[in-house]
Amino acid sequence: MTDPLDALREPLVPVDPDPRFAARLRALLEQALLGGAMSTTTDSVQGEVGYASVWTPEVERAEAFYGAVLGWRVQSGHHQVLGLRQHLGLADGQSYHGTFLSHGVTDLADTVRRIREAGGTAEEPTRQSYGLSALCADSEGLPFALHEIGPRPAADSQPGEIAYLTYEVVDSVRARAFYSAVFGWTFSPGRHEDGWGVDQVRPMTGMHGGHDQPRVVPMYHVADIAEAVAAVDRAGGTAGEVSRQPYGLSALCADDQGTPFYLGQF
Amino acid sequence: MEQRPRVRPDPGFALLDLYEQALPQVYGYLLARCREQALAEDLTAEVFLAAVDACRRERPPELTTGWLVTVARNKLVDHWRRLEREARGLRVISAEPAEPEDPWDRRLDAMLAREVLDELGAHHRAALTLRYLDGLPVPEVAHNLGRTVHATEALLVRARTAFRAAYQNREEGTR
């Protein structure tokens, strides 16, 4: 039996709204998503990464590599990457090879105490040109630094910057307990088995358990992943396959000295 | 080594990426159903701001145009519910069974039918829009309206009766 009201059927036909409305709404969304609108709390988030550096045996080679792949311009002699909002750098890593993070905290002495209580190690804070700093290691022996908290990192990333950080850890139960005791971080289950997202922190950070050795793997934001992967290959690194993720495209790569990193196009 | 990163990205990026493509869909859906530009714009803004809130949840939904259109439908129902509340106070729609309908078999003039729909009470308009314009099955109409299937069937009968009376009245008026 037909129903005369079936004649009312209205398939979805896209209609472009007034462009002024479209622009206003977009600005509103950007502000809500990327601006300060979502950080309604005035409490500072402890342990956000304020500085990240890539430590490799040969720092000049690394400068050339990351210059070719990510477009990093490096201040000569100081190994600091120029022109980004994030503070990134490179370092001559005879003793340590990998990505090294420095976390901003309000009270260094208190954090040092917490690190020691939670099974990590921490040197006494020393005064550097940029403020107090302390060298530490977490309960699995991953080295990191503390510094006095500065302005919050931006909520988003630009090409060349870190879009997010993955902690690969041996035992995620122990590692989560350490970082929640030290920085007050809370974790939510991620999309993968034993994968965890750290709530609130910038840049976005996650943790994944079950690895032989602890390490941090950054994901660098690139505008064109195919181009960046080709550049990795040309520069003598290990270029991974590009895979489609819910948020965009990513590829796990390594530089020409074996330092792992992800590339992400969003 | 696994090829995928193990952290959840910020779904806010996904929303901004989706915006240009999804905006005409969401706005088109709403405009065709509420037929007022200013209202369609307000509801469209509500839809995208709801998506921002959803991005902030611990387990954000996967943002797609389909998800946004579903939110748009909810916003439209909320809007009609507000109108209904304003019009009649917090009236509980009676659950009594509706009168059985006479069969009504005729071709509707689509233009006239839409005008008639605009005149109906908000609760009738909501039920008929979801059932006929969107083509949803009755259980989904019920879900969207937050009613039981039984109550929704009764509401649809009353809404069709009201529609038919208004339509026939209009037809007579135009003769």
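Analyst: Helix α5 (residues 225-234) of chain A lies across β16 and β17 of chain A, and its direction makes an angle of about 5° with β16(A). The model is predicted, so local features need pLDDT of at least 70 and side-chain atom pairs count only at pLDDT 80 or more, while totals for chains, interfaces and linings use all residues. Residues are numbered from 1 along each chain as its sequence is written, and chains are lettered from A and ligands numbered from 1 in the order in which they are written.

User: What makes the angle between α5 and β16 of chain A about 5°?

Analyst: Axes are lines fitted to C-alpha atoms, for helices over the stretch in contact, and angles run from 0 to 180 degrees between N-to-C directions. The elements themselves are DSSP runs numbered from the N terminus, helices being H or I with at least four residues and strands being E with at least two. On that scale α5(A) runs at about 5° to β16(A), whereas helix α4 (residues 172-183) of chain A runs at about 145° to β13(A). Helix α4(A) lies across β10 (162-168), β11, β12 (195-198) and β13 (204-208) of chain A.

User: Which residues of α5(A) are called buried, and what puts them on the same side?

Analyst: A residue is buried if 20 or more other C-beta atoms lie within 10 Å of its own, exposed if 12 or fewer, and partly exposed in between, with C-beta atoms placed from the backbone. In α5(A), the residues A:Ala228, A:Val229, A:Ala231 and A:Val232 are buried. They cover an arc of only 155° around the axis, and therefore they lie on the same side of α5(A); the arc is that of the directions from the helix axis to the C-beta atoms. The face turned away from the buried side of α5(A) carries A:Glu227 and A:Arg234, which are exposed. After α5(A) comes A:Gly236, with a positive phi near 90°.

User: Why is β17(A) called largely enclosed by the rest of the structure?

Analyst: Six of the six residues of β17(A) are buried, so the strand is largely enclosed by the rest of the structure. Both of its faces are covered, with A:Pro260, A:Tyr262 and A:Gly264 buried on one side and A:Phe261, A:Leu263 and A:Gln265 buried on the other.

User: How do you know that β16(A) and β17(A) are joined, and in which direction do they run?

Analyst: Two strands pair if DSSP finds at least two bridges between them. Strand β16 (residues 248-254) of chain A has six bridges to strand β17 (residues 260-265) of chain A, and the two run antiparallel. Within this pairing A:Ser250 stands opposite A:Gly264, and A:Cys253 stands opposite A:Phe261. The two strands form a hairpin with five residues between them, and A:Gly258 in the turn has a positive phi of about 90°. Strand β14 (residues 215-221) of chain A is joined to β17(A) by three bridges and runs parallel to it, with A:Tyr220 opposite A:Leu263.

User: What makes β11 and β15 of chain A edges of the sheet?

Analyst: The open sheet has eight strands, in the order β11-β12-β13-β10-β14-β17-β16-β15 (chain A), with mixed pairing. Strands β11 (187-189) and β15 (243-245) of chain A each have a single partner strand, so one side of each is left without a neighbour in the sheet. From one strand to the next, the twist averages 30°.

User: How many residues of chain A are in contact with chain B?

Analyst: In chain A, 47 residues are in contact with 47 residues of chain B. The largest share of this side of chain A, nine residues, comes from α1(A).

User: How many helices and strands does chain B have?

Analyst: Chain B has seven helices and zero strands, whereas chain A has five helices and 17 strands. Of the 175 residues of chain B, 35% are buried, while in chain A the buried residues make up 40% of 266. In helix α4 (residues 110-119) of chain B, the buried residues are B:Ala113, B:Val116 and B:Leu117. Their arc around the axis is only 105°, which puts them on the same side of α4(B), and the face turned away carries the exposed residues B:Met111 and B:Asp118.

Note on methods. Two residues are in contact if their C-beta atoms, placed from the backbone, lie within 7 Å.
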